[in-house]
Amino acid sequence: MDKHTRKEFKARALNEIENLRQEIPRLKEQLKPVAPDNAIGRLSRMDTIVNQSVVEVQLGKARTRLLRLEEAVRRAEDDPDFGLCEDCGEPIPLARLMAMPETALCVHCAE
Ligand SMILES: [Zn+2]
């Protein structure tokens with residue numbers, strides 16, 4: 001991966017890391033149990049439960065994504081082979097790296 005692409009990848013990844021670090025506490029906030037003295041009806045309580053399971057999934061995804069991006073940024077700094085396919089040694093396109101920062105294979109070799 002050339003210097004320019006590496007820099008571009010890091011800039012984009014760090015930007016997304018920043019967004020995720022703000023999003024995760026917001027999601028956690030929504031997972032707080034609703035106090036029973038909050039006068040909400042049975043229906044809205046059900047809504048809350050359904051909502052919370054959606055939020056839980058989002059939170060899990062956001063955490064995984066954050067870890068993978070952080071790891072990729074570390075590798076982009078330390079590993080001279082970062083961004084090169086482990087199988088064929090060809091550069092992995094930036095768009096693919098952004099979509100799957102944990103990937104070590106180009107599209108062809110991944111298939
Ligand atoms: Zn390959």
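# Reading a buried arginine and a zinc site

Arg96 lies in helix 3, which covers residues 94-99. The model is predicted.

Me: Where should I start with Arg96: is its side chain buried or exposed, and which side chain of opposite charge is nearest?

Reply: A salt bridge needs a side-chain nitrogen of Lys or Arg within 4 Å of a carboxyl oxygen of Asp or Glu. Arg96 is buried, yet it has no salt bridge. Glu111 is the nearest side chain of opposite charge, at 7.8 Å.

Me: Which side chain makes a polar contact with the side chain of Arg96?

Reply: Look for N and O atoms within 3.5 Å of each other. The side chain of Thr103 makes such a contact with the side chain of Arg96, at 3.1 Å. The backbone can take part too. The backbone oxygen of Leu105 lies 2.9 Å from a polar atom of the Arg96 side chain.

Me: Which residues is Arg96 in contact with, leaving aside neighbours within four places in sequence?

Reply: With those neighbours set aside, the contacts of Arg96 are Thr103, Leu105, Cys106, Val107 and Ala110. Thr103 and Leu105 have come up already. Cys106 leads us to the metal: its SG atom is one of the donors of the zinc ion.

Me: What are the protein donors of the zinc ion, then?

Reply: Read a metal site by its donor atoms and their distances. Here the protein donors are the SG atoms of Cys85, Cys88, Cys106 and Cys109. They lie 2.3 to 2.4 Å from the zinc ion. Along the chain, the donors follow the spacing C-x2-C-x17-C-x2-C.

Me: Why is the arrangement of the four donor atoms called tetrahedral?

Reply: Check the angles. For four tetrahedral donors, the ideal angle at a metal is 109.5 degrees. Around this zinc ion, the four donor atoms subtend angles of 106 to 114°, and this makes the arrangement tetrahedral.

Me: How do I read accessibility at this site: is Cys106 buried or exposed?

Reply: Compare the relative accessible area with the cut-offs: under 20% is buried, over 50% is exposed, and in between is partly exposed. Cys106 has 7%, so it is buried. Cys109 has 24%, so it is partly exposed.

Me: How many salt bridges does the structure hold?

Reply: The structure holds seven. One of them joins Arg65 and Glu16, at 2.7 Å from N to O. Arg65 is in helix 2 (residues 42-78) and Glu16 in helix 1, so this pair ties together parts that are 49 residues apart in sequence. Glu16 is partly exposed, at 23%.

Me: How many residues apart are Glu8 and Arg12 in helix 1?

Reply: Glu8 and Arg12 are four residues apart in helix 1 (residues 3-30), so about one helical turn separates them. They form a salt bridge, with the closest N and O atoms 3.0 Å apart. Glu8 is partly exposed at 30%, and Arg12 is partly exposed at 39%. Another salt bridge links Glu29 with Lys32, with closest N and O atoms 3.3 Å apart. Glu29 is partly exposed, at 47%.

Key. Residues numbered from 1 in each chain as written. Predicted model: local features only at pLDDT ≥ 70, side-chain atom pairs only at ≥ 80, totals over all residues. Heavy atoms only, no water. Helix = DSSP H or I, 4+ residues; strand = E, 2+ residues; numbered from the N terminus. Buried < 20%, exposed > 50% of the residue type's maximum accessible area, 1.4 Å probe, protein only. Lys, Arg positive; Asp, Glu negative; His and termini not counted. Polar contact = N/O pair within 3.5 Å; in protein donor to acceptor, adjacent residues only side chain to side chain. Contact = heavy atoms within 4.5 Å. Donors = N, O, S within 2.8 Å, 3.2 Å for Na, K, Ca; no water. Tetrahedral: all angles 85-135°; square planar, octahedral: opposite > 155°, others 65-115°.
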